[in-house]
Amino acid sequence: MKSPRQLRSASHWGAFRIEVDRGVIRDVAPFEFDPAPSPLLRNAVEMVYAPNRVLKPAVRAGWLKGDGGAGRGQDDFIEIGWDEALDIVAAQLARTRKLYGDAAVFGGSYGWASAGRVHHARGLLHRFLAAGGGFTGQETNYSYGAAMAFIPHVVGKSEGMSSPLTPLAQVAENARIILAFGGLPAKNWEVQSGGSGVHALSGHLHTLTQNGVRVITVSPFRDDSPDIPGAEFISIRPTTDCALILALIHILITENLHDRAFLATYTSGFETLEAYVMGTSDGVPKTPAWASAITGIPAEMIAGLARDLARQPSMITATWSLQRAANGEQPFWAIISLASALGRIGLPGQGFGFGYGSINGMGDAGYKTPLSGVPSLPNPVTSHIPVARITDMLMNPGQGYRYNFQTRHYPDIRLIYWAGGNPFHHHQDLNRLSTAFRKPDFVAVHEIIWNGTARHSDIVLPATTALERNDIGGSSRDPFILAMHRAINPMGDARNDYDIFAALAERLGYRKTFTEGRTTDDWVKRQWERSRATLAGRGIDTPDFETFWEQGYFRMPEPKRMKTRLEDFRADPEANPVETATGRIMLSLPQVGEEGLPPHAAWLGADEYLGSALASRYPLHLLTPQPPGRLHSQGGLSTASGAHRRNGYEILRINPKDARDREIADDDVVEVFNDRGVCMAVAALDPGLCEGVVRLPPGADYLGSRRAVDPVSQLDRGSNPNILTRDVGTSVLGQGCTAQSCLVDVRLVQRSPNPDPAATKRMGGS
Ligand SMILES: Nc1nc2c(c(=O)[nH]1)N[C@H]1C(S)=C(S)[C@@H](COP(=O)(O)OP(=O)(O)OC[C@H]3O[C@@H](n4cnc5c(=O)[nH]c(N)nc54)[C@H](O)[C@@H]3O)O[C@H]1N2
Ligand SMILES: Nc1nc2c(c(=O)[nH]1)N[C@H]1C(S)=C(S)[C@@H](COP(=O)(O)OP(=O)(O)OC[C@H]3O[C@@H](n4cnc5c(=O)[nH]c(N)nc54)[C@H](O)[C@@H]3O)O[C@H]1N2
Ligand SMILES: [Mo]
């Protein structure tokens with residue numbers, strides 16, 4: 001493919017231009033149309049040259065000795081040649097399929113990989129394994145898995161978690177209040193899956209400010225509130241939002257502020273919810289005073305908020321993190337119930353929508369930018385699991401479990417294949433996962449970084465990064481389709497995931513099925529042609545491939561006004577019913593009752609939160625929000641990520657009072673611990689954090705290996721909080737990840753070598 005004059009590429013954290021000098025990337029510059037380029041931009045380049053880059057195929061020493069997997073995560077690796085490596089992987093796949101069947105191959109391989117859509121590692125792995133007979137996969141996601149499974153039962157399939165939100169521009173125009181559970185944290189808008197040309201949050205915030213919309217954040221952390229004049233903040237104890245929302249509904253009912261006509265026409269089951277909220281069904285009225293004791297929010301403030309919402313047009317949103325907790329289905333169901341009681345669903349810019357604070361591009365104008373990767377092939381195996389149940393699956397083959405109103409059974413996994421994800425970043429209770437990963441006969445990983453997942457494999461195959469291959473990036477919610485030019489030759493012996501799979505398929509006798517005779521560059525051109533065809537169908541002209549490739553981007557025209565969510569349903573509920581059992585929004589679901597849960601949104605508490613029994617032993621609630629400075633574990637050693645570390649450790653935010661109780665000062669090295677494990681961090685006192693709450697972003701490497709001693713302290717412990725988080729599904733409804741339901745305590749390990757006198761004084765003060 002011809003190289004353009006200006007080299008360009010994209011990452012999940014934005015598009016950029018590249019300066020190359022004699023085969024080395026010298027610098028990157030922001031995409032010229034991005035109004036707010038991300039400070040993470042250089043991460044893409046720093047990952048290419050990272051000191052822990054995987055450069056050659058390598059096999060685990062213990063595997064060569066036939067240790068049955070016992071040394072995974074601990075062993076040394078021995079570099080081997082590509083032919084030998086590919087022979088090993090092909091032979092192990094063939095053996096597993098023959099002896100144990102195709103379901104014994106686990107290829108779920110959850111993970112973000114890189115931005116380009118052709119070289120999407122997980123999609124390519126699925127295609128490769130499907131063509132070879134099939135595999136056990138993973139469904140839903142870590143982001144909003146519980147809601148993804150459950151919310152369609154409440155509002156219908158096409159109004160589920162993947163459908164577009166009401167554009168924020170319409171919200172700004174029509175709503176007077178945005179009630180944002182979890183706020184609109186700027187750090188989350190740095191990234192967008194697939195890459196983006198525009199970082200849109202600052203623009204939206206400007207419009208909201210101009211239109212005088214009240215943005216009310218409810219969160220345990222003040223910084224989640226956007227940095228705009230007049231932004232309001234209500235501090236709440238983590239994972240107690242559902243209690244607050246029920247109390248808001250209680251006020252609406254008692255003060256007759258609820259929209260009875262809306263409830264009667266557009267919803268079903270309100271009476272059941274009402275009986276619970278008023279306490280007639282369980283003897284506990286969900287009053288503001290009741291909610292205040294759970295949430296820590298003054299009762300008068302709750303009542304005032306309910307009255308404000310009843311008076312003014314509103315949009316109610318929550319970050320996805322709210323449902324990444326025990327019974328995480330409940331706060332989302334409660335929000336839909338509250339929005340129904342307010343009766344504003346389907347009116348322009350009003351109602352509810354989840355995730356405005358979660359990721360770049362939410363609430364876009366409705367671009368529907370068409371992008372596609374190498375197509376999937378049908379998977380003949382149906383034993384897939386809800387994504388976050390991986391350790392349970394590995395530990396308990398054959399065991400039955402309830403999920404999404406079905407009984408399923410875990411398959412018996414003998415081979416794990418991972419490409420483009422880092423379970424030793426993303427999963428909970430990592431010491432348990434580490435044990436589980438030693439069970440299968442064989443583990444193969446494609447990686448670009450020597451991380452916890454690579455070290456838990458038997459063979460690591462070095463993959464290229466996006467800057468070493470041609471691709472096309474972008475997101476359906478961004479106005480740009482982005483050319484991703486190969487800037488340099490592959491580092492070391494790295495190969496494209498696609499070429500690795502093609503070589504394996506060759507050995508296994510199905511190369512043609514996998515490649516269809518195409519090279520990766522053929523696929524890049526073909527994917528552009530597919531986008532073109534889709535756009536032609538919408539009457540949008542596009543240039544030919546060569547012109548697009550030289551230009552480096554294609555900008556979508558501004559779309560026509562997009563509808564507010566459920567606008568058609570509101571206009572005519574008979575003609576446009578929602579796809580639920582009653583054709584209406586279901587505030588009560590009898591089949592939830594059959595699962596042993598209340599049949600309506602309910603406050604169920606949790607084993608781990610500030611009000612649970614365990615809080616007497618572990619009195620701090622640990623939140624593990626998305627990391628600023630990097631995407632999950634990607635770019636962990638980058639400069640931008642380093643700006644959020646101190647002395648080699650991640651920063652643990654702690655309320656000054658909780659710090660004082662433990663004689664901890666700013667910059668002290670601390671241990672964060674519970675019964676599941678311990679990790680280390682540097683303390684930062686932060687009065688913006690709710691008392692009893694600590695905050696440590698995930699993404700640090702899992703150092704459950706003697707290869708990875710901490711670079712500064714030489715202590716063999718890192719800052720990976722997923723050592724501490726719990727690995728139990730949200731509930732039988734969604735079986736999502738519950739990382740946010742986690743109690744810990746913190747103790748001082750080492751005084752800061754250079755204490756900041758001002759910080760010490762601050763501590764002694766308040
Ligand atoms: N405690 C806690 N845990 C969480 C969360 C939380 O909020 N709290 N959030 C969860 C969420 S929402 C998510 S989405 C997950 C994210 O979890 P992941 O998506 O697994 O995290 P990443 O670090 O992005 O992992 C991508 C991996 O792919 C590798 N990679 C990148 N490009 C390529 C490529 O082209 N080829 C190959 N072969 N490899 C490549 C990277 O080096 C990296 O190791 O984490 C979840 N975990
Ligand atoms: N910089 C950066 N941005 C990212 C990512 C990244 O890795 N790096 N990952 C992306 C991905 S994959 C995803 S899925 C999204 C996830 O998006 P989210 O799930 O929305 O992200 P979080 O940071 O976990 O949570 C947002 C905020 O919710 C608040 N919060 C936590 N628990 C509670 C609670 O119980 N109640 C209330 N009211 N608030 C609470 C936290 O203070 C937190 O700052 O982020 C995306 N954005
Ligand atoms: Mo996510």
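A crossing of two helices is right-handed if the near helix is turned clockwise from the far one by less than a right angle. Keep that in mind for the second stop. The model on screen is predicted.

**Stop 1: ligand 1**

Select ligand 1 and show the residues around it. The shell holds 35 residues, and Ser114, His426, Glu447, Ser633 and Asn722 come nearest. Colour the shell by class: 20 residues are polar, 11 nonpolar and 4 charged.

Next, look at polar contacts. Start with the backbone of Trp112: one of its N or O atoms sits 2.8 Å from an oxygen atom of ligand 1. Move on to Gly420, where a polar backbone atom is 3.3 Å from a ligand 1 oxygen. Then pick Asn451. Here the side chain does the work of contact, with an N or O atom 3.0 Å from an oxygen atom of ligand 1. Finally, show the surface. How much of the 920 Å² that ligand 1 exposes when taken alone does the protein bury? The protein buries 99% of that area.

**Stop 2: a helix pair**

Is the crossing of α3 and α18 left-handed or right-handed? It is right-handed.

**Stop 3: ligand 2**

Select ligand 2 and display its surroundings. Of the 31 residues there, Lys187, Asp224, Thr239, Arg324 and Arg695 come nearest. By class, this shell has 14 nonpolar, 11 polar and 6 charged residues.

Now pick out contacts again. In Asn188, a polar side-chain atom lies 3.0 Å from an oxygen atom of ligand 2. The side chain of Thr319 also places an N or O atom by a ligand 2 oxygen, at 3.3 Å. For a nitrogen atom of ligand 2, go to Val218: a polar backbone atom of that residue is 2.8 Å away. Close with the surface. On its own, ligand 2 has 910 Å² of accessible area, and the protein covers 99% of it.

Technical notes: Residues numbered from 1 in each chain as written. Chains lettered and ligands numbered in written order. Predicted model: local features only at pLDDT ≥ 70, side-chain atom pairs only at ≥ 80, totals over all residues. Heavy atoms only, no water. Near = heavy atom within 4 Å. Polar contact = N/O pair within 3.5 Å; in protein donor to acceptor, adjacent residues only side chain to side chain. Areas by Shrake-Rupley, 256 points an atom, 1.4 Å probe, with all protein chains shown as cover. Nonpolar A, V, L, I, M, F, W, Y, C, P; charged D, E, K, R; others polar. Helix = DSSP H or I, 4+ residues; strand = E, 2+ residues; numbered from the N terminus.
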